[in-house]
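Welcome! Please open the structure in your viewer and get ready to select a few parts in turn.

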Amino acid sequence: MTVRTRIAPSPTGDPHVGTAYIALFNLAFARQHGGEFILRIEDTDQTRSTPESEQAILDSLRWLGMDWDEGPDKPGPHGPYRQSERSEIYQKYTQQLLDEGKAFKCYRTAEELDELRNQRREQGLQTALKQSDLALPAEEVSAREAANAPYVVRMQVPEEGVCVFDDLLRGTIEVEWSQVDCQILMKSDGMPTYHLANVVDDHLMEITHVLRGEEWISSAPKHQLLYKYFGWEMPALCHMPLLRNPDKSKLSKRKNPTSIIYYQRMGYLADALLNYLARMGWSMPDEREKFSLEEMIANFDISRVSLGGPIFDQEKLSWLNGMWIREDLSDEQFAQQFQQWALNPEYLMQIIPLIKPRVEKFTDVAPVAGFLMSGMLSITEEDFAHKSLERDDVRKILQYASWMLDSEQQWNKDRLFSQCKTLGDAMGFKVRDFLYPLFIAIAGTSASVSVVDSMQILGPDMSRARIRHALNTVGGPSKKEAKRWEKEYRELAKSLG
């Protein structure tokens with residue numbers, strides 16, 4: 001048997017370090033066993049998936065030094081490797097489950113589902129819904145069908161008993177079926193959910209081992225049941241511990257920059273970041289901190305993964321990165337890599353049109369453009385002083401802008417300006433006043449090039465990180481303020497496009 005593992009990211013935003021972390025362990029496991037590593041793009045969310053995000057995933061994983069044997073850019077015998085191109089396959093298997101009575105059409109509306117769950121919650125029952133809960137009278141089903149009402153396809157799930165499955169790290173796991181929903185397999189738009197597509201693709205692509213985050217443990221019973229329904233052998237499962245913030249919460253962009261692009265833009269070496277991700281829950285037999293991907297693969301043993309939630313600590317990453325710079329780069333290599341990072345033509349050509357009108361001699365370049373080649377800026381609360389803004393105005397603008405930018409998918413200067421202006425208007429600020437704290441957060445001064453141009457160049461995660469840093473500098477909201485502000489922001493956000 002050839003060991004085959006996969007990584008299946010969704011192209012719905014910046015490539016996440018969590019994706020790189022899971023990809024790394026799948027790659028190491030496959031290579032250690034002389035096997036194959038597959039990249040599959042899970043783009044069934046047609047409203048959020050973008051070609052730009054997919055390309056960023058490919059570029060980021062390759063920058064880190066990871067490569068795959070089959071994928072959307074490496075045709076193989078099990079393609080296509082984008083789920084959006086596999087619709088007919090999912091339709092076929094959905095129909096098979098319907099024909100065999102292992103799935104059913106559900107015409108329930110969102111409001112009806114909420115009411116059913118609330119009723120179960122009030123009765124002290126599990127909120128997982130079964131077919132007996134979802135069933136409608138036959139005449140109502142006929143009426144909705146005749147009216148072409150939207151429906152989803154759900155899988156049949158036992159109402160009683162226990163599901164038992166094995167995990168390479170955790171041993172035998174038991175989950176009561178009463179906790180498991182009749183999972184939606186096919187959405188009303190005809191696209192599959194993760195659960196159906198994941199099982200069908202893993203089987204057809206001959207995946208032998210699934211290494212994924214521990215948040216998927218609760219989904220394993222549904223997947224096991226689908227394998228049973230289809231009469232297929234389920235791959236071996238291994239649920240990796242989740243990356244954590246220093247406060248032990250799940251790693252998230254609200255508390256920690258999570259984009260691989262951010263760490264590339266910050267000037268971390270790919271080898272160092274990959275080394276650090278490998279240390280997240282795993283250790284070399286000799287416990288040394290610094291090692292290459294090749295050394296990890298040569299010594300890899302999945303049993304050495306610790307189940308304690310690994311803490312993603314940027315200070316520790318910086319320390320390790322410093323070791324790589326000092327010990328592995330000659331002066332010539334340092335110069336070459338710095339040039340590739342800061343002075344590459346692609347990046348410079350984004351900056352030059354902005355700074356050229358402000359430059360009279362080349363010695364002006366560093367003062368004008370230095371913030372575009374920096375990490376977190378040295379700013380103080382006094383830097384935000386403004387004749388038309390009180391301190392609380394500045395705090396609110398930074399917080400509301402942070403919330404707005406956290407959910408922004410279209411990261412270009414025109415969109416950013418439009419969203420900032422709309423939010424500023426809704427908050428009662430002139431656009432120049434609303435943008436002032438953002439200038440300080442992003443550039444360290446209001447006497448700078450266009451802040452939205454700068455944000456486009458710096459990218460989402462760097463921009464968000466600087467705004468969070470600025471908010472911490474002036475003082476974020478208290479718990480009481482945060483509740484009030486979030487309620488107010490939700491109302492104002494309705495005006496955003």
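Predicted model: local features only at pLDDT ≥ 70, side-chain atom pairs only at ≥ 80, totals over all residues.

Stop 1: Begin by selecting Arg-254, Lys-255, Asn-256, Arg-468 and Asn-472, which are the closest to the centre of the second largest pocket among the 22 residues that line it. The space in this pocket is about 540 Å³. Now colour helix 16 (391-406), helix 20 (460-474) and helix 21 (479-493), the elements that each give two or more residues to the lining. Which helix gives the largest share of the lining? That is helix 20, with five residues. By class, the lining has 10 nonpolar, seven polar and five charged residues.

**Stop 2: helix 16 and helix 18.** To see the contact, show Val-394, Ile-397, Leu-398 and Ala-401 of helix 16 together with Asp-433, Phe-434, Pro-437, Leu-438 and Ala-441 of helix 18. Eight of these contact residues are nonpolar, one is charged and none is polar.

**Stop 3: helix 17 and helix 19.** Next, select residues 413-427 for helix 17 and residues 451-458 for helix 19, whose axes come within 8 Å and cross at roughly 125 degrees. This pair is therefore oblique, and the crossing is right-handed. Show Lys-413, Leu-416 and Phe-417 in helix 17, which meet Val-452, Asp-453, Met-455 and Gln-456 in helix 19. This contact has four nonpolar, one polar and two charged residues.

How values were computed: Residues numbered from 1 in each chain as written. Heavy atoms only, no water. 1 Å grid on protein atoms, 1.4 Å probe; cavity = no way out; pocket = protein on both sides within 12 Å on 5 of 7 lines; lining within 4 Å. Points joined across faces, edges and corners; volume = space filled by probe spheres on them. Helix = DSSP H or I, 4+ residues; strand = E, 2+ residues; numbered from the N terminus. Nonpolar A, V, L, I, M, F, W, Y, C, P; charged D, E, K, R; others polar. Contact = heavy atoms within 4.5 Å. Axes fitted to C-alpha atoms, helices over the stretch in contact; angles between N-to-C directions. Parallel < 35°, antiparallel > 145°, perpendicular 65-115°, else oblique. Left-handed = near helix turned anticlockwise from the far one by under 90°.
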